[in-house]
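Trainee: I have a structure to read before the group meeting. Could we go through it by question and answer?

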Amino acid sequence: MFAYYLRLGWRSLRRNPLLTALMVFAIGVGVAASATTFAVFHAASGNPLPDKSAQLFVPQIDIWGPASRSAGRDLPDALSYPDAMALMRDHKAARQTAIYPMASTAIPQDPTREPFAVNGYAAYADFFPMFEAPFLYGNGWNASQDEAHAGVVVISRALNQQLFGGANSVGRTIRLDDHDYRVVGVLDEWNPRPRFYDVNNSDGFSDPPDFFVPFTRAIDLQTETNGNSNCYGSAGRDAGWKGWIQSDCVWVSFWAELPNRAAVTAYHDYLMAYASEQQRVGRFHWAPFVQLHDLMQWLDYEKVVPPETRISMLLSLGFLLVCLVNTVGLLLAKFMRRAAEIGVRRALGASRREIWLQYLAEALMIGVAGGVVGLVLTGVGMLGIGLVFDPDIARLARMSPSVIGLTLLTAVVTTLAAALYPTWRAARVQPAWQLKAN
Amino acid sequence: MQIRPILATLRYHKAGTLLIALQIALTLAIVCNALFIIHQRLGQLSRPSGVDESDLLLVHNQWAGKPDADEVASMMASDLATLRNLPGVANVYATNTYPLSGEGTVFGIGHSPDKKTYTDSTAIYFVDDNALATLGLRLIAGRNFRPDEIGASSKHSKIEPDEIIITQALAHHLFPDASAVGKAVYLSRKPSIIIGVVGRMRTPWVDSSMAKWDEYSTLLPYRRLEGYTEYVIRTQPGQLDDVARRVKATLYAANRMRVISPKNGVRTFADVGAQAYNSDRGMAILMGAISLIMLTITGAGIVGLTSFWVGQRRKQIGVRRALGATQRDILSYFLTENLLIGVAGVIVGGVLAIGLNLWLMNQFEMEKLAMGYVVAGVAILLVLGQGAVLAPALRASKVPPVEATRSV
């Protein structure tokens with residue numbers, strides 16, 4: 001029976017090809033715009049570490065006082081070097097690491113090859129287990145190597161490919177800037193997006209890092225941060241590297257792993273106690289104030305999802321709504337125009353349910369056709385997305401199976417929803433009234 | 001035109017009428033806000049950077065192997081000489097950053113050595129005496145730096161310039177009532193004398209959060225001897241592409257201990273601007289496309305629905321014609337009917353547009369929708385409705401009176 005309805009529907013749709021095309025196109029465009037912008041939004045707002053994000057926290061300390069926030073500013077989104085070192089030393093979290101980004105040059109051993117730029121991070125040993133970084137060869141360094149300020153390095157799979165042709169390079173040496181480092185581990189593909197541990201310095205979607213070295217070693221070598229540094233009111237600091245690391249400039253990111261509520265509360269108390277101590281010794285001239293955000297809260301706090309992605313998704317959804325209202329109106333007019341036909345069918349014994357199913361079949365065909373058009377247009381949208389969004393963000397959106405499924409499903413479900421009222425009206429046509437009217 | 005009979009008829013098409021009105025309302029709400037966003041973003045795009053953008057080339061040079069400040073100083077001096085001798089190069093200077101680059105340094109600037117009470121933020125450009133000529137900046141008052149005033153700064157050295165040049169916008173902000181030239185201001189704990197004021201020069205950032213001070217730029221007379229150096233090159237007119245092709249090889253031939261990224265190490269100022277305004281341009285394109293398609297669909301929807309109504313009412317139209325109504329009467333009947341629905345739609349839509357804007361303001365720090373956009377949107381939708389209804393209405397007016405005698 002349903003096949004028969006589909007045939008009837010097909011015939012009805014062919015009777016008004018322009019109108020059918022309009023409905024299909026409207027649904028296709030509406031769904032494609034929504035699917036494309038949603039894919040971008042979804043990629044940008046995803047949880048980069050779903051199984052662990054609730055256990056990873058970023059502490060913030062009010063080191064500049066309330067006056068620094070009078071201009072509507074927040075707490076600094078990084079720590080000063082002395083504070084980060086104090087937190088590392090106290091070691092109150094299950095795992096913790098201070099981090100800062102560095103820009104280096106890799107100097108190939110083959111002197112005929114030119115140096116090339118590499119980006120990486122200075123971090124502590126806890127970084128790798130804490131953020132679940134997967135290793136292809138070897139492992140991260142350990143805590144005693146942190147203490148020994150060891151000249152070791154973990155490199156990315158891509159850098160390993162470039163330098164060693166993809167071979168197991170553990171134990172080999174690479175030269176970064178003016179120092180050699182021994183490779184202890186090679187990461188497998190690892191590119192959490194957004195790169196949550198660096199969103200205070202970058203947009204979080206740029207190319208993945210090439211290497212990681214021990215924080216203690218990077219500081220020994222006076223390696224500059226490649227990220228933001230903020231020196232509110234501390235223009236009077238001493239010149240040189242020593243003045244820099246002793247200053248109240250903030251430039252060190254800090255992450256703590258706190259496995260449960262009790263640990264979170266305890267860490268917050270610890271931070272308050274630390275800030276109170278700083279007030280007691282005369283460094284802070286204000287009441288202690290600290291904050292502790294978990295990973296997803298931190299992404300929100302740092303406004304990682306660009307407002308453009310959100311606005312364009314919302315307006316695209318509004319657009320889809322207009323397309324659907326359009327479809328409701330056109331279907332209603334189309335079905336009601338065939339009231340006489342419905343009257344005849346009803347008089348000949350078709351039940352309301354059968355009429356309803358027949359017209360729903362017609363709507364289903366529009367929905368499926370709209371989904372297919374939407375799929376093609378989504379494909380076009382993905383190609384053109386680089387025109388609309390920042391390239392780093394745009395490349396996140398891909399034509400994945402879930403996007404394809406979502407596009408088709410949205411088209412069919414929304415069209416059927418739009419058809420509910422017109423088909424209900426069609427099913428309620430009074431046969432007697434129609435027959436008499438003619 | 002009698003309105004009451006039209007309203008009476010519409011009562012028989014409640015659902016259809018409501019749907020058209022709703023579609024017009026939603027379209028108006030979205031199109032108004034989209035047009036407003038487009039206007040704002042295009043306004044951003046067309047803001048002048050202040051520099052003479054043609055024939056400008058930017059080279060991002062990272063020094064390899066972590067050379068110390070003295071080594072950077074000598075390599076930089078030799079690079080500048082190499083670039084100056086390159087055929088087609090008119091002028092060049094080395095700096096930390098340039099307008100619209102997206103990266104740079106901010107200092108507080110004010111009237112007090114206490115850095116916690118600065119007047120406002122300013123972008124810091126480390127330049128030499130060739131910067132004004134290379135960028136094509138106009139000196140409005142005072143003088144340029146002299147070659148002997150250019151100092152050296154390495155990382156974490158004290159930045160306490162004796163002389164600075166600031167933009168007119170910053171000068172006016174600091175000294176609203178008098179000329180800034182010769183006055184002292186504080187970037188550090190020591191006073192700096194403003195020796196010159198240039199016209200417009202944007203900061204490196206185009207973000208809305210920094211828009212308030214986006215023309216507060218300060219030039220400091222320093223060679224910045226750190227991990228990377230930006231070379232700003234002005235070529236002879238028409239030589240831009242030619243110099244862009246040769247500049248990287250020329251620099252590598254002189255010294256290989258550097259990295260100039262093959263991807264974006266050498267850019268024209270047009271590239272820089274395009275990248276800086278990427279998201280603004282993208283939003284304008286997306287909003288434009290959405291508005292255009294939405295208006296098309298709404299127009300086509302009105303055509304479709306009215307066509308159905310006309311088809312449904314052929315008999316009534318025939319009766320009216322037989323009773324003496326002219327073609328004009330029938331035409332104006334449908335136009336008026338559409339206008340009534342349209343007016344209802346735009347009234348609701350106007351309210352929705354303002355509501356949507358308030359919500360966007362609340363969520364995305366957007367500005368308040370200017371009423372002109374609502375008025376323009378209303379006009380667009382009413383004209384669109386009348387245009388869309390015209391063809392079916394004309395067809396209706398052509399229905400012959402004899403139709404009244406036929407059955408369907």
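**Reading the two chains**

Mentor: Start with residues 314–431 of chain A in this predicted model: their end C-alpha atoms lie 44 Å apart, and the span is 86% helix and 0% strand.

Trainee: Which feature does UniProt place at residues 314–431 of chain A?

Mentor: The span is 86% helix and 0% strand. The name comes from an unreviewed UniProt entry. That record calls the feature "domain: ABC3 transporter permease C-terminal".

Trainee: Is chain A a compact globule, or more spread out than one?

Mentor: Chain A has 16 helices and 11 strands. For 438 residues the globule rule gives 22 Å, and the radius of gyration of chain A is 31 Å, well over that, so chain A is more spread out than a compact globule. Along its principal axes, the C-alpha trace of chain A spans about 100 × 60 × 35 Å. The answer is therefore: more spread out than a compact globule.

Trainee: What percentage of the residues of chain A count as buried?

Mentor: A residue is buried here if 20 or more other C-beta atoms lie within 10 Å of its own. Of the 438 residues of chain A, the buried ones make up 46%.

Trainee: Which element gives the most to the side of chain A that touches chain B?

Mentor: The contact takes 50 residues from chain A and 49 residues from chain B. Elements giving two or more residues to the chain A side include helix H2 (17–45), strand S3 (95–106), helix H11 (307–337) and helix H13 (352–388) of chain A. The residues on that side divide into 31 nonpolar, 11 polar and 8 charged. With 20 residues, the element that gives the most is H11(A).

Trainee: How far apart are the centres of the two domains of chain B?

Mentor: The domain assignment gives domain 1 as 4–45 + 279–405 and domain 2 as 65–256 of chain B. Taken over C-alpha atoms, the separation of their centres is 55 Å.

Trainee: What is the helix content of residues 284–310 of chain B?

Mentor: An unreviewed UniProt entry annotates "transmembrane region" at residues 20–38, 284–310, 339–360 and 372–394 of chain B. Residues 20–38 of chain B have end C-alpha atoms 26 Å apart and are 100% helix. For residues 284–310 of chain B the end C-alpha atoms lie 39 Å apart, and the helix content is 100%.

Trainee: What ipTM does the predictor give the complex?

Mentor: For chain B, the mean pLDDT is 92, and 99% of its residues reach 70 or more. For the complex, the predictor gives a pTM of 0.88 and an ipTM of 0.86.

How values were computed:
Residues are numbered from 1 along each chain as its sequence is written. Chains are lettered from A and ligands numbered from 1 in the order in which they are written. This is a predicted model: local features need pLDDT of at least 70, side-chain atom pairs count only at pLDDT 80 or more; totals for chains, interfaces and linings use all residues. UniProt positions are given in the numbering used here, feature names are shortened, and annotations may be inferred rather than shown by experiment. Helices (H or I, at least four residues) and strands (E, at least two) are DSSP runs, numbered from the N terminus. Two residues are in contact if their C-beta atoms, placed from the backbone, lie within 7 Å. Ala, Val, Leu, Ile, Met, Phe, Trp, Tyr, Cys and Pro count as nonpolar, Asp, Glu, Lys and Arg as charged, and the others, Gly among them, as polar. pLDDT is the predictor's confidence in each residue, from 0 to 100. Domain bounds come from an automatic or database domain assignment. The radius of gyration is taken over C-alpha atoms; the globule rule is 2.2 Å times the number of residues to the power 0.38. A residue is buried if 20 or more other C-beta atoms lie within 10 Å of its own, exposed if 12 or fewer, and partly exposed in between; C-beta atoms are placed from the backbone.
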